[in-house]
Amino acid sequence: MKTSEPANGSSRRAFLASVGGVAATGLAATAGCLGRAGATPTVSILAAGSLQQALTTEFEAPEGTRVEVEAHGSARVARMVADDQRDPDIVALADPTLFDAPLSVPWYATFANNALVVAYNPQTTGGTRVAEATSWPDALLDDDVSLGRTDPDLDPLGYRTRFALALAADYYDWPALADDLLRRDQIYPETQLLAQFDAGGIDAAFVYRSMAVERDYPYLELPAEINLSDPEHASAYASVSYTLPEGVTVRGGPIRYAATRRTDATAAKSVFEALVGTAGELLEPSGFTVRESHPHYFGDVPPRT
């Protein structure tokens with residue numbers, strides 16, 4: 001199936017309780033030791049928007065390095081690098097298929113997973129309706145509920161929202177679900193989507209679980225058949241697809257995050273290994289899943305010494 005343009009609520013507190021309540025101290029927009037004297041090597045990371053908060057507030061750069069993070073939707077990140085608009089040391093994306101097109105990299109490593117959920121604002125009337133609804137599709141179709149999502153042409157969260165709705169159409173026997181629900185005025189940049197809750201602009205949004213957990217917004221879990229989190233449903237997920245503006249077709253699959261290193265500098269190697277090697281400690285408290293198989297390397301992987 002090709003796309004075109006109820007569970008119990010959860011929150012960060014509940015999620016952290018389930019994983020042990022790990023706490024993290026944060027830095028602002030740059031991770032590392034900002035106060036060290038001398039020339040500290042700076043490693044640039046161009047990352048998926050859903051990694052922004054973890055990388056800028058929780059990631060501890062290795063001793064003797066400094067990290068600068070810029071974040072956008074992953075499809076936009078891939079285009080920026082492919083078009084030579086950015087030349088980062090490390091690229092971290094929310095969909096490794098983008099490393100094949102529009103990018104073409106010799107290798108990458110997967111390091112985390114996620115799930116799609118419906119976050120809602122408990123402070124608004126519309127958000128309360130979502131929380132109390134017995135059917136999340138019916139709740140989102142309520143005229144008094146304003147919905148937010150991201151652009152499928154710019155980031156995987158956007159096209160995964162369409163994947164989930166296509167899968168939900170089969171799951172609920174509701175063929176026109178996406179057509180009934182989606183409008184262009186619902187679209188916001190990934191890095192600004194949940195800020196619309198604070199601004200009162202939306203009542204609910206399709207987001208990654210990690211985005212809701214990091215910001216302590218409650219959310220509705222979607223069935224595993226829909227939420228793109230379960231490898232056991234990979235074949236069903238692969239039945240849906242979306243074609244990006246440049247003609248690249250992406251297919252559904254379990255959500256995976258991956259990164260590649262584009263320089264052999266010692267500092268970049270150190271930061272990359274810290275990112276993929278400590279992903280569980282870094283990302284699980286924020287709602288990501290890090291499976292035992294991670295990091296999993298693909299392609300012509302250079303020596304890691």
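Reader: Which strand pairs with E7 over five bridges, and in which sense?
Author: Keep in mind that this is a predicted model. E7 lines up with residues 204-208, and five bridges join the two. The sense of the pairing is antiparallel, and the partner is strand E9.

Reader: What is the bridge partner of Leu116 in E9?
Author: Leu116 points one way from E7, along with Val118 and Tyr120. Across in E9, its bridge partner is Tyr208.

Reader: And which residue of E10 is the bridge partner of Val117?
Author: E10 covers residues 219-221 and runs antiparallel to E7, with three bridges between them. Val117 points the other way from Leu116, as does Ala119. In E10, the bridge partner of Val117 is Glu221.

Reader: Is E7 enclosed or open, and how many of its residues are buried?
Author: Buried here means under 20% relative accessible area. The residues pointing one way from E7 and those pointing the other way are all buried. So the strand, residues 116-120, is largely enclosed by the rest of the structure, and the buried count is five of the five.

Reader: How far apart are the end C-alpha atoms of H6?
Author: H6 has 16 residues, 156-171, and at 1.5 Å a residue they should span 22 Å. The model agrees with that, because the end C-alpha atoms are apart by 22 Å.

Reader: At the start of H6, which backbone nitrogen does a side-chain oxygen of Asp155 reach?
Author: H6 is mostly covered, with 14 of its 16 residues buried. At its start, the Asp155 oxygen comes to within 2.9 Å of a backbone nitrogen, that of Leu157.

Technical notes: Residues numbered from 1 in each chain as written. Predicted model: local features only at pLDDT ≥ 70, side-chain atom pairs only at ≥ 80, totals over all residues. Heavy atoms only, no water. Helix = DSSP H or I, 4+ residues; strand = E, 2+ residues; numbered from the N terminus. Expected span 1.5 Å × (residues − 1). Buried < 20%, exposed > 50% of the residue type's maximum accessible area, 1.4 Å probe, protein only. Polar contact = N/O pair within 3.5 Å; in protein donor to acceptor, adjacent residues only side chain to side chain. Pairing = 2+ DSSP bridges.
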